[in-house]
Structure formats: C-alpha cells, structure tokens
Amino acid sequence: MESPESAHCSNASAWQPVAEARVSGVSGPSEVRMLGWNIPPEILPHVPTHWLGYPEPDPLVNYGLGLLYCFFFFFSVLGNGIVIYIFLTSKNLRTPSNIFVVNLALCDFVMMLKTPIFIYNSFNLGYASGPMGCLVFGLMGSFSGIGAGATNAAIAYDRYMTIAKPFGSKMTRGKAIMIVVLIWMWVSPWALFPALEVWGRFVPEGFLTSCTFDYLTDTTHIRVFVAVMFSVCYCVPMSFIIYFYSQIVSHVVAHEKALKAQAKKMNVESLRSNADKNQESTEIRIAKMAISLCFLFVLSWTPYAAVALTGAFGNKALLTPGITMIPACTCKLVACIDPYVFALSHPRFRLELQKRMPFLDIRESQPASETASTTTEATSANPE
C-alpha cells in the first residue's frame, strides 16, 4: 500500500507529525479496525493523529447519530424557518429589537443546514465527505456558532437598555442594523482564518463525521489560536451576557423594593395600575425569554469550550471520540430548542402564530397597550 508520506497533500508539512494510515489488513472478524481505516492515505494529513488511535465504533452508533441529526435538522429548520418567516412578514414584529431575534434564528438555521454533511458521513461510517465537506461544515459552524454568541450578547444589551434604562437612548432600526453588521464583522475573521489556513484549520473530530477547528495538533500555532479564539469568541460575549443580565436582575429587585416601600408609606397594597402591571408583565416575559435563550447558549457552548481547552492545554487522553460528540450534539439540540422557547415566551409572536396557524390552538390574549415595550413590542419605535 502506498505510504501516506508519499501521497500527502502539499501543505501537510505544516501539520506534523503526518498522520499514520490505519488501514490495517482486516483478515478476520477478530481484527479491530481503527478510526480512519477507510480514509485514503493522501487525505490522512487532514486528520489529527489523536483520533487514529481509537477503534472504529459499532456501525449502529454512527447510524444512530445520523438518525438523531435527521431529527435535529427537521425540527430546527421547521422552527427557525417559521420564526424567520413570521418576523419578515408581520409588520407588528418588524421592530428594532426583533432584528436581533431574527439574526439569532438565522444563525440557528445555518447551524442546521450543515447537518446533511454529518448525516452523509455517519451513514458512510467516517470521513466520507473529505476535506471539502469538512471545510463547508466547519465554516458554516463557525459563522453560526460565533454569530449566535455575539447575537445573544446584543439581545442582553437590548433587554438591559429596555428594562434597566427605560428613559435612555432607544434602540432604532438603524442602530440595530449597525449592531448586526458589527456582529458579522466580528465573526468573519474567526471563521475565515481556519478556512483559509491562515491561522488554525478545520479538521474532523470524534468519529470523524463532524468537523471543527483544530484544537489537538501539538504546536504553538494551534495552542495560541485556541487561546485567542476562546477569549474573543466565548469569554467576551459571555462577559457581556453576565453583566447585562445581572444588571437587569439588580434593577428589578431594587425597583420592586422601592415600590413596596412607597406603597407601605401610603398604606396601599400596590402603586401599580392595571396597565402598568400588564406592561411590566410583557417586559418581564420578554426578559425571561431572552435569559432562557442566553442560558441555552451557555449550556451548549461551554462544553465545547472545555473540550477545546483540554485538547490544546490539558490531558488529551480525556478526549475520546464519544466524549467529544456530546458537545457537538448539544449545540445542535440548542439550535432546535431556541425557536420553540421563543414561540412559547414572546407575546406578540404567539399572537401572530395564532392568526396564521389557528390549528395550533395557541391562546394568547391581546396586550392591553400596543406600546407595551419601547423596543421589542412597540410598533411606533423612534425613527432612525
């Protein structure tokens, strides 16, 4: 058999040591196939050597994951597609704040558009789509994943300005669009650097059926990339999310305390009118929805961050193919859940869904005021 050294791709020398072929002669049922046994030698340099030391999983495992991703694909494309469609076709929902929600749904939608590559690989038991499929998978995953993190930070900022600083600068359509443009400018380098192999690269991981940026190659080049990407793409948006939502909680607690103290002085049960209660109820529901979306983001991407840091700086032996498939699945699961969390929590979205899909039997009452929220709910937001 031709050795991998005589057939590896032109840039393979940049990723030493060159992967050894695991195409051992399978002469009987007792022989154990290793991961990568069915990969052509010339493609092996694209695969981190770490994975080649593990036995191939039972085909039923790959088939099961492929089937699971089929369900992910269906429910995510359906849910996020409905969210995008209703927002783009409903005047009541075309508000500045909801631009961020549409952007998040778009990120989740793109995240799941890459799953056919995973499904194809799974049913072909490995790295069947090759380097090009891996590039497309990694590029779409980077744009959508990092974009979702930055968008969640923007949603947290918008909720903070609406609830904690209601008399401050209002979110306008122009400002919202500018923030979304900045989000994609922020995301693009971190998706394009590994795609062009300027800094980092995209490689298969786990059972070699999914792809992500390389966090296993033992070089300073890769370790620095992982550290910078962790800081910029995970820690920065996470810091904004934690700060803004902690400020919201502090504001709500302080506001409630002040109202109760004043009501006690005036010897009344509450200082709120029914309209005020309805308005606050709407704002709190939207805030809860936003917090839920951000919590799901934390839940999905924190395991991935832990895996990447372990691969770059920790004990690589902890990263078995099965373990690394868990965060890959949680990210896709959250992309499925996001639109349904939104549909269950956003009052006006539920109203529009009730009008367009009455068979769903959604019972959402009309808000008392059409201008309940100055950003997300108002249809008379300030002009640009």
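This is a predicted model: local features need pLDDT of at least 70, side-chain atom pairs count only at pLDDT 80 or more; totals for chains, interfaces and linings use all residues.
Residues are numbered from 1 along each chain as its sequence is written, and side-chain values use heavy atoms, with hydrogens and water left out.

Reader: How do helix α1 and helix α9 pack, roughly parallel or roughly perpendicular?
Author: Helix α1 (residues 59-89) and helix α9 (residues 347-356) have axes 11 Å apart and pack at an angle of about 95°. Angles of 65 to 115 degrees count as roughly perpendicular, and therefore α1 relative to α9 is roughly perpendicular.

Reader: Which residues of α9 meet α1?
Author: Contact means heavy atoms within 4.5 Å. From α1, the residues involved are Ile82, Val83, Tyr85, Ile86, Phe87 and Thr89, and their partners in α9 are Phe349, Glu352, Leu353 and Arg356.

Reader: Which residues in helix α3 are buried?
Author: Buried means under 20% relative accessible area, computed with a 1.4 Å probe on protein chains only. In α3, which spans residues 115-123, the buried residues are Thr115, Ile117, Phe118, Ile119, Asn121 and Ser122.

Reader: Which elements give two or more residues to the lining of the second largest pocket?
Author: The lining of this pocket includes Ala150, Tyr157, Ile179, Trp186, Val236 and Phe244. The elements that each supply two or more lining residues are α4 (130-163), α5 (173-195) and α6 (220-265).

Key
Axes are lines fitted to C-alpha atoms, for helices over the stretch in contact, and angles run from 0 to 180 degrees between N-to-C directions. Helices (H or I, at least four residues) and strands (E, at least two) are DSSP runs, numbered from the N terminus. Angles under 35 degrees count as roughly parallel, over 145 as roughly antiparallel, 65 to 115 as roughly perpendicular and the rest as oblique. Buried means under 20% relative accessible area, exposed over 50%, partly exposed in between (1.4 Å probe, protein chains only). On a 1 Å grid over the protein atoms alone, a cavity is a set of points where a 1.4 Å probe fits but cannot get out, and a pocket is an open set with protein on both sides within 12 Å along at least five of seven lines; lining residues have an atom within 4 Å of a point.
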